[in-house]
Amino acid sequence: MDHSRVPVLEALQEFRRRGDVVFGPPGHKQGRGADPRVAEIVGMDVFRSDVLSLNGLDDRRQSQGVLSQAQELMADAVGAEQAFFSTCGSSLSVKTAMLAVAGPGEKLLLSRNAHKSVISAVVVNGVEPIWVHPKFDRERHIAHPPEPDDVRRRLREHPDAKGMLLITPTDWGTCADIRGVARVCHEAGVPLIVDEAWGAHLPFHPELPVWGMDAEADLVLTSVHKMGGAIEQSSVFHLQYDRVSPEALKQREDLLGTTSASTLVYATLDGWRRQMVEQGHELLDAALRRAERVRAAAGDLPGLRPMGGEIVDEGLAAEFDPLKIVIDVRELGISGMQAAEWLRAERHVDVGGSDTCRISASITHADDDETEKVLLDALRALVDRADTIERRPPVHLPEPSALELEQAMLPRDAFFAEVEHVPAEQAPGRIAAEMISPYPPGVPAVAPGEVITAEVLDYLRSGVEHGVLIPDAADPSVKTLRVVARR
């Protein structure tokens, strides 16, 4: 296909050329009604590019096929049979994908180290989750994706499961054996969905971890805003084979998605695809070399322990995305969250993620010599000034087995059950009626329907005292918990 074409951007350019006067949404009418004080900050072109697809980019009947052409080009670029754009982010795309494979009351295998959006999907969709527990790294206190044998065992225990949802890469860049898991699923006659939100860049350079479509996955979703060049909320479904119905996927997306899709998202997805096809290898090659330099330089700093390919050598993950700079800072006597706060406040550097043990920074095709220098200078300053950072009470990290809670009720049933709020001291042994997710990365420590334990409660409460954010709990201080009422 002709990847110099960008159907959405071309249609937007033509819309501007024609000078159409619109008497429908958006109400600001391509910036005519925008508050100049707002336009001064976000730019008037944001408003000029905010156009509806119907009677805007395309006509009432969508006869020009603007969006469908852009999606066909995307599918061709990444080796998928079909691609569909979503403007609601992969948090909604994952709900759609799950519902395309398993309906209410049906079983679906899920990685338990899933983002809260996956747990939310279980509640919204009414799917019965069959948890496949991740491979836990005790030394680093980090969860890596489950392995094919873990999936095979759970499918044998639940032969009526409709499929598997695998999360890879993780927030920390560790990757699953997608091909191995796909073949296990296909032997059982079920599809594999891959939540590859952090992997939009993977199809465009051979030194990156394998891309889901190339590793026999049936349905892959990506968040192009994470490691790609599209704006926030840009998400794409990639589909191949016949185990997931394109018709079902489209209908589920129509059920959950917006009817007011953002042209800004469509346009930047379209443009990013062209950029990657034409320049992606060169751009990502430069990013990979830059990441190597950053990781090596960080490793030379006392108190910093960057993570890299050794996790593959140790058999903990199938692959590792080298563009993720993941650095353990515990030897500095601080947590990753404290390091992130200091870097933002003192050096105006915002890292991509942090937790009790580490920080992470994503290197993308957008980085250059200046951003490389800024990051390394900030890390050197952190090492030099770490002893000035106020010590906080430690987070009580539980043993890995303590994080595998008993599922006593279906998440949906527990979430919508009659509930009560109890003091934290009375919560152990009760069934949670809420998600409790230390954020970031936003993986629930407690999901609805799970039995709360003293160990996990101690972990959460010590985390709050240390400064962990828990935004989804009814009581973010975790002094009280929302539990299923006793009858």
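**Reading strands, helices and surface**

Visitor: Which residue of strand β8 stands opposite Met164?

Guide: Leu192 in β8 stands opposite Met164. Please keep in mind that this is a predicted model. As a general idea, the strands of a sheet pair through backbone hydrogen bonds, in either the parallel or the antiparallel sense. In this case, 4 bridges pair β6 with strand β8 (residues 192-195), and the sense is parallel.

Visitor: Which residue stands opposite Met164 in β6, on the side of strand β2?

Guide: That residue is Leu109. Strand β2 (residues 107-111) runs parallel to β6, and 2 bridges join them.

Visitor: What is the strand order in the open sheet of 4 strands?

Guide: The order is β11-β13-β15-β14, and the pairing is antiparallel. The edge positions belong to β11 (305-307) and β14 (353-354); each has a single partner strand, so one side of each is left without a neighbour in the sheet.

Visitor: Which strand is joined to β14, and by how many bridges?

Guide: Strand β15 (residues 358-362) runs antiparallel to β14, and 2 bridges join the two. Within this pairing, Gly353 has Ser360 of β15 as its bridge partner. Helix α14 (residues 336-347) packs on the sheet, where it touches β14 and β15. The direction of helix α14 makes about 50 degrees with that of β15.

Visitor: Let us turn to the surface. Which residues form a nonpolar patch there?

Guide: The patch consists of Val38, Ile41, Val42 and Val46, which together have about 340 Å² of accessible area. Helix α2 (residues 36-42) gives the most to this patch, with 3 residues.

Visitor: Does Ile41 count as buried or exposed?

Guide: Ile41, in helix α2, has a relative accessibility of 73%; because the cut-off for exposed is over 50%, Ile41 counts as exposed.

Visitor: How exposed is Met44, and what does it touch?

Guide: Met44 belongs to helix α3 (residues 44-48). With a relative accessible area of 26%, Met44 is partly exposed. Leaving aside residues up to four places away in sequence, Met44 touches Gly31 and Ala39.

Visitor: How far apart are Met44 and Asp387?

Guide: In sequence, Met44 and Asp387 are 343 residues apart; in space, they are 46 Å apart, C-alpha to C-alpha.

How values were computed: Residues are numbered from 1 along each chain as its sequence is written. This is a predicted model: local features need pLDDT of at least 70, side-chain atom pairs count only at pLDDT 80 or more; totals for chains, interfaces and linings use all residues. Side-chain values use heavy atoms; hydrogens and water are left out. Two strands pair if DSSP finds at least two bridges between them. Contact means heavy atoms within 4.5 Å. Axes are lines fitted to C-alpha atoms, for helices over the stretch in contact, and angles run from 0 to 180 degrees between N-to-C directions. Buried means under 20% relative accessible area, exposed over 50%, partly exposed in between (1.4 Å probe, protein chains only). Patches are made of residues with over 30% relative accessible area and no salt bridge: like charges are joined within 9 Å, nonpolar side chains (Val, Leu, Ile, Met, Phe, Trp, Tyr) within 5 Å. Accessible areas come from the Shrake-Rupley method with a 1.4 Å probe; for residues, only the protein chains shown count as cover. A salt bridge is a side-chain nitrogen of Lys or Arg within 4 Å of a carboxyl oxygen of Asp or Glu.
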